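This note collects a few points for a colleague's review. They are set out in numbered form below the sequence and structure.

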Amino acid sequence: MSTPLVTRRQGLAIGAILFGLLVLGLVVDGGRSLLADVTGVISASYLAAAFRFTVPIAFAAMGGIFAEKSGVINIGLEGLLIIGAFAAVASAWGLAATPIGANVWLAFGLAVLASTAVALLFAVVCIEFKADQIIAGLAVWLIALGFAPFASIIIWDRTNSPSVGTFPVWEVPVLAELPSVGPLFSATPPVVLLVLAVPFSWYLLNRTPFGMWIEASGEDPKSLDTAGVDVRKVRYAGVLLSGVYCGIGGAGLALNTGQFVGSGDTMVDGRGWIGLTAYLIGNYNPVGAFLASFLFAGLDALQLQLQQVAGFDVSATLVGIIPYVAVLVVLTFVGRTRMPSAAGEHYDSDE
C-alpha cells in the first residue's frame, strides 16, 4: 500500500507546483505565456543543471530519513549542510598552502567528517542526555548559521571565501559528445554519488538486517531491545548517517562552485529545510524523497533559465515557497504523513 501512497503524494505535489507556476505566469511579467518560455528553455543542459541542484537537497532528505526512521528527529539538516559546505572550502583552501597541495577529494572527505562530528554531538545530546530533539536540531542549525560566517571572517576577513578548486567533470566517452543529449552524460562526482546513493539507501533500508533494525528502532524499540539489538547503537548509526549524507550534500554544493558564500542564509539557502519537506512528501522512501528533491531543484534551475535565457522576470523568493505550499497541499488532501511511532521519544533499556 505504500507505493500508491507515495505516487499519489508526488502527483499532488506536482499538481501544486504546476498550479503555482500557472499563477506566476498570470501575474508576473505582464502575463506573458509561461508555457512557451518554459518549453523554450527545457533542454539536456537544463536537466543536467537540475541534477546538480538536487545534490544537497536529496542528500539532506536521505540523511533525515535514516535519522528519523531510527527514532531521532533531526531538523538540523540545514546546519549540517552548512558545516559540510564551509568545511569543504576551508579544507581545500588550507590544503593548498601545505605540501599536500590542493586536493579536492581530501577536502571533500574532511567536510564529511566535520558534518558527521557535529551529527555525533547532536546524537550524544539527544540520546545520552535526552534533550528535546526539536530544540537540539534548531540549535545545530543556528550554531552552524552563525559559526560558518564568523569563521569565514576569521580566516578570510570576509564572509565569502576566495575561489578554490572544484570537482572535475566526468564524461561518458562518445555519449557526452552527442549534440542534443550530451550534457546528460557529463556530470561532477557528487551527481554520480547521488545516482548511486538513492538505490543504495533504498536497498539498505528495505533489504538488509540493518534496515530492519532502523525500522524497528523508530517503530517499536522495545521489541528490538528484546531481540538483543542495542537500540542506542542503532539510533547513533541513524543520526551519524544523516551527518555523512549531509556532509556529502554540503561539500558537493560548495565544491561544485568552488566557493563558500556565508552572507545571508549562506549558500545553502534553505536546501536542508527543503530536503525535510522532500522526505515528508516521499513518505520516508529514499526514491520518493529523491524525486521530490529533483522536482524542487528543477524549479530552481528553471527560474534561473527563464531569467537568463528567456528574460522572464520570475521572483526566486516566490519559487522558493512552492515546496512548502506543495507539502501543505499533500498533507491536506492525502492526510498526515505517518511518522515512525517512536520518533522523538527517548528509550531506556531495561538492562
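1. How many residues does helix H3 have, and how far does H3 reach from its first C-alpha to its last? Helix H3 covers residues 44–69, which gives 26 residues. From first C-alpha to last, H3 reaches 35 Å, close to the 38 Å expected at 1.5 Å a residue. The model is predicted, and the remarks that follow should be read accordingly.

2. Helix H3 is not straight throughout: a bend of about 40° is found at Thr 54. A proline, Pro 56, follows that bend within four residues. Just after H3, Gly 71 adopts a positive phi of about 110°.

3. Two further residues have a positive phi although neither is a glycine. Val 174, with a phi of about 75°, is placed in the loop between strands E1 and E2. Tyr 284, with a phi of about 65°, lies in the loop between helix H11 (271–281) and helix H12 (286–308). Is each of these residues buried or exposed? Val 174 counts as exposed because its relative accessibility is 64%, whereas Tyr 284 is buried because its relative accessible area is 6%.

4. A nonpolar surface patch of about 400 Å² deserves a comment. The patch is made by Leu 47, Val 172, Leu 175, Leu 178, Val 181 and Leu 184. Leu 175 lies in the loop between strand E1 (170–171) and strand E2 (186–187). With a relative accessibility of 33%, Leu 175 counts as partly exposed.

5. How many salt bridges does a search of the whole structure find? The search finds four, and three of them are described here, starting with Glu 128 and Arg 232, whose closest N and O atoms are 2.3 Å apart. This pair links distant parts of the chain, as Glu 128 belongs to helix H5 (residues 104–128) and Arg 232 to helix H10 (residues 231–257), 104 residues apart. Glu 128 is partly exposed at 32% relative accessibility, and Arg 232 is likewise partly exposed at 35%.

6. Another salt bridge joins Asp 348 to Lys 130, with the closest N and O atoms 3.0 Å apart. Here too distant parts of the chain are linked: Asp 348 is in the segment after helix H13 (316–334), and Lys 130 is in the loop between H5 and helix H6 (133–156), 218 residues apart. Lys 130 counts as partly exposed, with a relative accessibility of 36%.

7. Glu 219 forms a salt bridge with Arg 338, the closest N and O atoms lying 2.8 Å apart. Since Glu 219 lies in helix H8 (residues 209–219) and Arg 338 in the segment after H13, the pair ties together parts that are 119 residues apart in sequence. Glu 219 is partly exposed, at 23% relative accessibility.

8. The last point concerns cysteines. The structure holds zero disulfides. Cys 126 is buried, with a relative accessible area of 1%, and Cys 246 also counts as buried, at 0% relative accessibility.

Terms used
Residues numbered from 1 in each chain as written. Predicted model: local features only at pLDDT ≥ 70, side-chain atom pairs only at ≥ 80, totals over all residues. Heavy atoms only, no water. Patch = residues over 30% accessible without salt bridge, like charges linked within 9 Å, V, L, I, M, F, W, Y side chains within 5 Å. Areas by Shrake-Rupley, 256 points an atom, 1.4 Å probe, with all protein chains shown as cover. Salt bridge = Lys/Arg side-chain N within 4 Å of Asp/Glu carboxyl O. Helix = DSSP H or I, 4+ residues; strand = E, 2+ residues; numbered from the N terminus. Buried < 20%, exposed > 50% of the residue type's maximum accessible area, 1.4 Å probe, protein only. Expected span 1.5 Å × (residues − 1). Bend = angle between axes of the 7 residues up to and from the residue. Disulfide = S-S within 2.5 Å.
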